[in-house]
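Subject: Structure for your study

Dear colleague,

Please find below the structure that I am handing over to you. I would be grateful if you would look at it before reading my notes.

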Amino acid sequence: MTSVALELGGSAGAVVASRLSDIPEWKVLLLEAGPDEPPGADVPSMVAMFLGTDIDWQYQTTNEMNACLSTGGSCSWPRGKNLGGTSVHNGMMYNRGHAKDFDNWAAMGNPGWSWRDVLPYFMCSENNTEIHRVGRKYHSTGGLLTVERFPWKPAIADDILAAAAERGYPISEDLNGDQFIGFTVAQTTSKSGVRVSSASAFLRPVRHRRNLHISLNATATKIIIENNKATGVQFYQDGELRVARATKEVIASGGAVNSPQLLLLSGIGPKEHLRAVNVTVVKDLPGRLLLANNNPLAKPIIWGNYLSDPMDVTILVEGIEIALSLANTSAMAKYNMTLNNAPLAACSQYPLMSKNYWACAVRQDTGPENHQAGSCKMGPINDPMAVVDNRLRVYGIRNLRVADASIMPQVTSSNTAAPSMMIGEKAAAYIKSDWGVAGTQWYGKEPCSMWKHNHNHHHWRYQ
């Protein structure tokens, strides 16, 4: 099979494949290691039902010295192994991050990634059903990704907001708006209370396109690189190894674990490590994830290095104390709440509820938020840790890009689903621009008024 663009799964991958298939002359192949999202996944209350199943990669970190100590220094990293990636499993929070997050990305040597640059991509994806409440300064309608507040809200939600106000914390109508700090009832990627994954948002509406092929249960094992140019992908499907060729580009969108793993299996990574696991070195580049061996189906070695910075523990303990203080407000008094945590034997040397006790407890029972990022860092060529440039091209390898949370130079101060989809939007725009293709189709939604296509330089420009 030969495709113009060969795209490899995940939350951002659904966006990239959808947008590239806007071009009728381009054949797009999306390889997904798992199946389609299963029935039931779109029911929000079943959010944890698929953890530990065949559609969860079930990754575990190793050798944690300061966290997850009650489980032998191994933290759980569930990741979605299905079309749409972890957007099928997450809490659906639609949080973009702080404007300074993206301005910092740009300041680190990544032009085109400031808040001013990325906001239009967030907005062009968005169909915000509460535009009357959140306004059009930062939000939009008519996009493929429906954003809303859940239609149902328990009474305790308003009491928690009242408790927060009682404690002096600000209440925000929109954490993606001007007041991005405070308590709120969050908006989610859902439609009438039903989950909207990146696959259901971006792929289902275009599933009948003849130039878009989605291959399920197809695990990419190696990117084929010839003369420092990506020309295809080897993948495992139905018990055999197969090859798909790409005439234009290969895009890895497997997420913060699978994308670096695939690069390593393809010979792109630290040369000493690659030689140690008997993988032929194609390009010596940095990256903290390690291969256990050269078996493409083996899980990689992951070290999260959680809570190695004492400041992280201090902030967690402060968060615990804030949460406990909310229970002691007049707004929450009617619930008569009591802490039901049994004292941890491993922390029994500290007075219960003391700062030292909680500092010990968070190291014992650590719950990662699973916003993994940064393993294929975006940065300028003089950044010794950079894997991709500001247009998401892998250094030293032509026609190969990475488009997912792994490229984040710093993780956003928010949930990562919305930024990952924005990265997918920008990746598709860069690819179209670099191949001299004009604007994006936006599925009946007119191109955002803030965009103007510069035909001389083939790039989008903010007006």
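Predicted model: local features only at pLDDT ≥ 70, side-chain atom pairs only at ≥ 80, totals over all residues.

Residues are numbered from 1 along each chain as its sequence is written, and side-chain values use heavy atoms, without hydrogens and water.

The chain contains eleven helices and 17 strands (DSSP runs numbered from the N terminus: H or I of at least four residues for helices, E of at least two for strands). Its C-alpha atoms fill a box of roughly 65 × 55 × 45 Å along the principal axes.

Helix H3 (residues 115-125) and helix H11 (residues 417-434) have axes that come within 9 Å and cross at roughly 100°; the axes are lines fitted to C-alpha atoms over the stretch in contact, with angles from 0 to 180 degrees between N-to-C directions. H3 is therefore roughly perpendicular to H11 (65 to 115 degrees; under 35 is roughly parallel, over 145 roughly antiparallel, and the rest oblique). Residues of H3 in contact with H11 (heavy atoms within 4.5 Å) include Val118 and Phe122.

Thr86 is listed by UniProt, in an unreviewed entry, under "binding site"; such annotations may be inferred rather than shown by experiment. Thr86 lies in the loop between strand S4 (76-77) and helix H2 (99-107). Beyond its neighbours within four places in sequence, Thr86 touches Ser11, Arg79 and Gly80.

Yours sincerely
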